[in-house]
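Here are my notes on the model, point by point. Please read them with the structure open.

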Amino acid sequence: MTRSQGWIDVSVVLRNGLPHWPDNDPVRIERIQDLDRGDEATVSTLTIGAHTGTHMDAPLHFIKSGKGLDELPLDATIGPAQVVEIRDPTVITVQELREQRVEPRGRVLFKTRNSHRRWPDQDFFPDFVYLSTEAARWLIEQGVRTVGVDYLSVGGFQKNGPEVHRVLLGAGVWIIEGLDLSAVEPGPYDLICLPLKVAASDGAPARAVLRRRESSELTTR
């Protein structure tokens with residue numbers, strides 16, 4: 001994780017061996033030309049699934065005829081955000097969200113046990129902390145427009161994965177997955193997260209950065 005002038009990079013580094021969803025292709029980065037081999041330039045090829053590493057999900061991922069990420073409104077992922085630390089070691093629940101005073105109408109990023117496990121340096125683990133479907137519906141009721149999580153899926157492995165995606169994406173909530181929040185304290189931040197602009201994309205890799213806000217007031221500007 002890198003920092004520059006107050007900005008914290010919360011994206012994972014794309015590399016060979018990065019953990020990935022079991023039925024997705026692994027990351028493959030290959031140097032096809034290399035200055036060290038006497039080539040005129042260094043050139044690499046990248047093979048990566050759209051839902052690997054730090055990435056965003058588009059409605060099209062689970063909603064037939066849904067929007068692609070090329071239709072993402074920029075203010076959905078640029079602006080004030082709240083990092084909420086989840087203590088439950090299994091699931092993000094409505095009860096804990098109420099206790100944590102999740103701000104309405106905003107962008108919410110969840111730091112869970114996944115971050116403490118330093119997940120980018122581990123093999124895929126199926127027991128990651130995920131968002132319950134009831135909590136997803138509660139967030140929609142609060143008017144939350146963007147949800148970010150610190151693992152490869154907002155929904156559980158072989159649990160509520162498709163269902164919670166459909167609930168959020170069907171309500172127009174944008175999803176950021178695969179964040180590295182290990183060095184981020186809970187509180188108010190400015191967020192910038194931009195996915196690759198791929199035509200009609202169901203998902204795409206993204207770069208996400210945070211900067212601590214002096215004010216705790218969150219607005220949807």
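**Notes on the fold**

1. Start at Ile176. Setting aside neighbours within four places in sequence, Ile176 is in contact with His55, Met56, Thr77, Leu109, Thr146, Val147, Gly148, Val149, Leu191 and Cys193. Contact means heavy atoms within 4.5 Å. Ile176 sits in strand 11 (residues 174-177). Ile176 is buried, with a relative accessible area of 0%. Buried means under 20% relative accessible area, exposed over 50%, and partly exposed in between (1.4 Å probe, protein chains only). From Ile176 to Ala58 is 118 residues in sequence, yet 9.4 Å in space, C-alpha to C-alpha.

2. Ground rules. This is a predicted model: local features need pLDDT of at least 70, side-chain atom pairs count only at pLDDT 80 or more, and totals for chains, interfaces and linings use all residues. Residues are numbered from 1 along each chain as its sequence is written, and side-chain values use heavy atoms, with hydrogens and water left out.

3. Overall form. The protein chain has four helices and 13 strands. These are DSSP runs numbered from the N terminus: helices are H or I of at least four residues, strands are E of at least two. With 221 residues, a compact globule would have a radius of gyration near 17 Å, and the protein chain agrees at 17 Å. That radius is taken over C-alpha atoms, and the globule rule is 2.2 Å times the number of residues to the power 0.38. The C-alpha atoms fill a box of roughly 60 × 40 × 35 Å along the principal axes.

4. Burial and contact range. Of the 221 residues, 49% are buried. Among contacts between residues at least 6 apart in sequence, 73% join residues at least 24 apart.

5. The largest core. What is the size of the largest nonpolar core? The core has 24 residues, and those with the most contacts inside it are Leu97, Val102, Phe110, Leu131, Leu139, Val147 and Val154. Two or more residues each come from helix 1 (94-99), strand 8 (107-111), helix 3 (133-141), strand 10 (146-149) and helix 4 (161-170). Apart from this core lies another, of 22 residues, among them Ile8, Met56, Leu181 and Val184. A nonpolar core is a set of buried Ala, Val, Leu, Ile, Met, Phe, Trp, Tyr and Cys residues joined through side-chain atoms within 4.5 Å.

6. Leu131. Beyond four places in sequence, the contacts of Leu131 include Phe110, Leu139, Val154, Val164 and Leu168.

7. Helix 3. Thr133, Ala135, Ala136, Trp138 and Leu139 are its buried residues. They pack against strand 7 (91-92), helix 1, strand 8, strand 9, strand 10 and helix 4. Just after helix 3, Gly143 has a positive phi of about 85°.

8. Helix 4. Here Gly161, Val164, His165, Val167, Leu168 and Leu169 are buried. Their cover includes strand 5 (55-57), strand 9 (130-131), helix 3 and strand 11. Gly172 follows helix 4, with a positive phi near 85°.

9. Backbone points to check. Most residues other than glycine have a negative phi. Ser65 is not a glycine, yet has a positive phi of about 70°. Ser65 lies in the loop between strand 5 and strand 6 (78-85), and is exposed, with a relative accessible area of 72%. Arg118 also is not a glycine and has a positive phi, about 50°. Arg118 lies in the loop between helix 2 (113-116) and strand 9, and is partly exposed at 46% relative accessible area.
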